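Hi there,

Here is the model I promised to pass on, with the sequence alongside. Have a look first, and my notes follow below.

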Amino acid sequence: MFAILFRQELRMLRLSPAWWGMLGLLGVMLLLAAWNGAGRLQAVRGDAERLNLDERTLQSAMRAAAVRFAATPGAEPPTVTSPGNVGLALLGHYAVMPPATLA
């Protein structure tokens with residue numbers, strides 16, 4: 001019954017001029033959605049690259065601090081010795097990794 005009604009509605013729509021208007025509007029909306037998605041993807045990629053650069057800079061600074069501490073053990077220990085600092089500072093790039101398949 002649903003198929004019969006659906007076909008009848010499609011026939012009625014094809015005969016009305018609103019059908020082409022609706023198809024045109026759908027096409028315009030699809031193009032705008034694709035354009036908006038591409039812009040958003042570029043913005044996210046730029047943010048991810050910036051965050052990864054910041055992360056690498058922080059990692060190299062922490063590595064240099066650890067090397068300095070190894071050279072002079074009497075100095076103040078670097079922030080690398082705190083698990084909280086390591087977790088917050090070194091693992092942030094996982095939040096912006098590209099999408100991957102689950103399997």
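Starting at the N terminus, the elements run α-α-α. The chain has three helices and zero strands, where helices (H or I, at least four residues) and strands (E, at least two) are DSSP runs numbered from the N terminus.

Two notes on conventions. Residues are numbered from 1 along each chain as its sequence is written, and side-chain values use heavy atoms, with hydrogens and water left out. This is a predicted model, in which local features need pLDDT of at least 70 and side-chain atom pairs count only at pLDDT 80 or more, while totals for chains, interfaces and linings use all residues.

On confidence, pLDDT is the predictor's own score for each residue, from 0 to 100. Its mean over the chain is 82, and 78% of the residues reach 70 or more. Helix α1 has the highest confidence, at 90, and helix α3 (residues 83-90) the lowest, at a mean of 63.

Helix α1 covers residues 2-15. The structure holds one aromatic pair. F2 and F6 make up that pair, and they are stacked, with 5.8 Å centre to centre and 25° between the planes. For reference, rings of Phe, Tyr and Trp (its six-membered ring) pair if their centres lie within 6.5 Å; planes under 30 degrees apart count as stacked, over 60 as edge-to-face and the rest as tilted. F2 and F6 are about one helical turn apart because four residues separate them in α1. F2 counts as exposed because its relative accessibility is 65%, whereas F6, at 46%, is partly exposed. The classes are buried (under 20% relative accessible area), exposed (over 50%) and partly exposed in between, with a 1.4 Å probe and protein chains only.

Next comes helix α2, residues 18-71. How far apart are its end C-alpha atoms? They are 79 Å apart, which agrees with the 80 Å that its 54 residues should span at 1.5 Å a residue; the expected span is 1.5 Å times one less than the number of residues.

The buried residues of α2 are W19, A48, E55, M62 and A65. W20, by contrast, counts as exposed, at 58% relative accessibility. W20, L23, L26 and L30 form a nonpolar surface patch with about 440 Å² of accessible area together. Such patches take residues with over 30% relative accessible area and no salt bridge, joining nonpolar side chains (Val, Leu, Ile, Met, Phe, Trp, Tyr) within 5 Å and like charges within 9 Å.

There is one salt bridge, meaning a side-chain nitrogen of Lys or Arg within 4 Å of a carboxyl oxygen of Asp or Glu. R50 forms it with D54, the closest N and O atoms being 3.6 Å apart. R50 is partly exposed, at 46%, and so is D54, at 41%.

Overall, 7% of the 103 residues count as buried.

Best wishes

Definitions and conventions: Areas by Shrake-Rupley, 256 points an atom, 1.4 Å probe, with all protein chains shown as cover.
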